[in-house]
Structures are given as structure tokens and as C-alpha cells.
Amino acid sequence: MTPTTSRAPGLGAPFPEALRHATGIAALSPSSHNCQPWALARLESRPARRAAADLLGCPDDGTHVYLALAVDRRRSLTALPAHLLEMRLSCAAYWRMLSRALAAQGWALVRERAHESGGDGGGGPGADSRLPGGPWPRDWSLLWTAALRRTGEAAESLTALSDAARARHTNRGPYDERPLDPELLGALARHPPTGGPATEIRHLTGRHERDAFADFLARHGGIDFSHAAAWRETHSYIRWSPAAVRAHGDGFPVTQLFGPMSARQRLAKRIALSPPVMKFLCRFGYDRSLAGGLAAGVRRTPAVVLMNFAEEAPGVADAFRGGARIADYWLHAATAGLALHPLSVVMQHDPLRAMLQEQLGLSGRLFFVSRVGRPRTAFPPAPRSAGAADHRTV
């Protein structure tokens, strides 16, 4: 985008104000199960600044501000091994939206470092998982440390970025079946070029390849419901009433999953989806029936996007490139009037992901799959927790 002028909203604001604007935008970023696992700290005390400056190789001369991003294990998914990468991707998408919002206000990243042990589930303060100068919450595992400096130039329009962030949300409803403009899909795959050679994007737009993917989803997608531990965790994020949505501020409002329902329909669905009943119903093919409904939505969708890492075992730095790719793609799609509906089941179960990659001829590690299209119905945004836009000063 063309840099805006010095009259751009937020440009020239002191860092605390710029950070407040940026966290408000970044809090709208996508996360698996809408669990919002990020935790942000501004490193302001002398010990914390000195530690960050030494870590990043920056002179602590007062011209830099330092931020640290962690994954909060209290808000993380843990039922499946693949959730470790998903939590890193969720935090990385947040970081990308945060850094873009800061750059739009004239605060540019100058040094960054990944902490490769971050979010691995370890409980102790390992050498590469925490910075000194705490107090650090015991459930935070450090992922990323960065130094920023004021440039006085806006990298993009803060207003446009904020509008895109508010327009960006999951839409599980039906999409217009007409083909999408190939030039638009090409632009989505190219712009902005944050992924680098470590990530690749592919669109399934032909009827045959979309039907083949839908067939795969119909055959195997029921594992999302029949895997006891995974379903218990997913079920814990379903919010059955407006009061529950307000109380938790995360997860899936039931109306976003199934649309408007009567009180009787809601009760029937709540009983059927409870883990003990789901386990029983799966014996009679209920999981396959639910997977078939998901596959039917794919058949009526004009495009499916897939993103994969070149490497089979991506580290934290790779995850941050992938998370940036997800955030940039989704923001650009929202600006173009497109909606996304991620199909995470095909990545969360490693054997299923391996089968799909073999079928599609994809090497490396698949990390994002989603329906893409123009929505026929509006969908409300997912809730946000009271602390989604918070940060801690250390």
C-alpha cells in the first residue's frame, strides 16, 4: 500500500497510546477455537529493557521500545499434538496484526527474535522461554521478543487496517457458488509477501479437485467428533446462551455453528453434542453425518485455500511467518468482500493431514485450510474476552 501522509490517524502518537490502538486491532485476530491464547508484555523496567537489548543486540539508548509475546497456556488447546503449532500460529497472527497497526502509527520493528521452546508445555522458566525482569506469570511461555523505533512514517492506513480487522471473521454460512476472479485469488496468494519461501499457498477452484477434497472430508472429517479428548475440548468452547458468551468472551456461540434455533432445537442439539451422548451416537454414524454436512458446504464453495510450510517440522520462526500469512490473507480477503471458514479438522489430526497431503501432492506441513467465497448471509463476529486487548508492563 502507498504510505499515508503525516495526517494519518494515530501517526506521531506516543508509544503507550499507539500500543493501545494496536492491541485493540490485534485483539480481533483469528485463533483456533477462538481461544485467544496470546499474552503481551511491554518491557519497561531497567532489568527487562537491558535483557531485551542484550538478547536482540540493540543499544539500550532510549530510542527503542521492547515487546515480548507469549502463549498463555491457560488459554491454549492441548488435546492433540498438532495444537502446539496451532497455538503458535494463533499468537503469530495476533503479532502480525499488532505490528502492522503499530507500523501504521509510525512505530517500526527493527529487531526480532523467536524463542524456539516457547509454548511447548514446559512449566518451568527455561532459559529460552522467559526474559528476566519479571514478574512473569507462570503460565506464560515466551515466543517472540522485538525492538521497535519511531519512524514518523505510516506504513499503511490505520483506519483501513482497523476496518479490515472488524470485517474479518469466520462465516460458516453458505457462499455464492459463482467462480471467484482468478486475478483476485492470485493477488491473495501474493500480497503482502510476508510468507517468504517457507510458506506456499494453493487454491482449489476446479470442480473435480474441490469434489475430491469434499469426498475426503466426508470420509474422514468425522474424527473431529469421534475423538473423545478432542471433542471434549471442542465442546467446552461451545457457548449455549448469550449469557455464556458474555461470561467467557471466547469460543463459539451456538448460533454461529448452527444458525437460529428454537428453544427445543437448541436443547436437542445440546444433548446430542454432549461428549457422553456424542460417543454413543458415533456408534451409529452421527460423526459421519456431521462430516457429510461439512463436505456439502465445501461442494457449494467456489474455492478452498490451503497453506503449507516447506518443512515438515516448522519451528517458532516458521510459525510466525505462517501466522503472518494467515492474517494478511484474511485481512485482504475481508477488504475484497470475501469470507473464510477454516476447516481445521484436516490439520489437527496428524494421520489425516498426512493422507490429505499425499492426495494433494503437498510436501512439508499443511497448516491452514479454509473455504473462501462471497457470503450469502451476514455472520456476527466472534466474541472477544475482556483481556484480549490487554498487555502487561514488566
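1. Basis. This is a predicted model, where local features need pLDDT of at least 70, side-chain atom pairs count only at pLDDT 80 or more, and totals for chains, interfaces and linings use all residues. Residues are numbered from 1 along each chain as its sequence is written, and side-chain values use heavy atoms, with hydrogens and water left out.

2. The sheet. Five strands form an open sheet with mixed pairing, in the order β3-β4-β2-β1-β11. Strands (E, at least two residues) and helices (H or I, at least four) are DSSP runs, numbered from the N terminus. Two strands pair if DSSP finds at least two bridges between them. The edge strands, β3 (107–114) and β11 (392–393), each pair on one side only.

3. β3 pairs with β4 (residues 140–150) in the antiparallel sense, over seven bridges. Arginine 111 stands opposite alanine 147 in β4.

4. Helices on the sheet. Helix α1 (residues 15–26) lies across β1 (38–43), β2 (65–72) and β3. Its direction is about 175 degrees to β1. Helix α14 (residues 316–335) lies across β2, β3 and β4, at about 65 degrees to β4. Axes are lines fitted to C-alpha atoms, for helices over the stretch in contact (heavy atoms within 4.5 Å). Angles run from 0 to 180 degrees between N-to-C directions.

5. Strand β4 to helix α14. Tryptophan 144 and phenylalanine 320 form a stacked aromatic pair, 4.1 Å centre to centre with 5 degrees between the planes. Tryptophan 144 is in strand β4 and phenylalanine 320 in helix α14, 176 residues apart. Both residues are buried. Rings of Phe, Tyr and Trp (its six-membered ring) pair if their centres lie within 6.5 Å; planes under 30 degrees apart count as stacked, over 60 as edge-to-face and the rest as tilted. Buried means under 20% relative accessible area, exposed over 50%, and partly exposed in between (1.4 Å probe, protein chains only).

6. Phenylalanine 309 lies in strand β8 (residues 303–309) and phenylalanine 367 in strand β10, so the pair ties together parts 58 residues apart in sequence. Both phenylalanines are buried.

7. Salt bridges at arginine 299. The whole structure has 16 salt bridges. Each is a side-chain nitrogen of Lys or Arg within 4 Å of a carboxyl oxygen of Asp or Glu. Arginine 299 meets aspartate 211 at 3.9 Å, N to O. Aspartate 211 is in helix α6 (residues 207–220) and arginine 299 in helix α13 (residues 286–299), 88 residues apart. Arginine 299 also meets aspartate 215, at 2.7 Å, N to O. Aspartate 215 lies in helix α6 as well, so that pair ties together parts 84 residues apart in sequence. Relative accessibility is 23% for aspartate 211, 31% for aspartate 215 and 28% for arginine 299.

8. Aspartate 350 and arginine 365. Their closest N and O atoms are 4.0 Å apart in a salt bridge. Aspartate 350 is in helix α16 (residues 350–360) and arginine 365 in strand β10 (residues 365–373). Aspartate 350 is partly exposed at 29%, whereas arginine 365 is buried at 12%. Elsewhere, salt bridges that share partners join Arg96, Arg100, Glu156 and Asp328 into one network.
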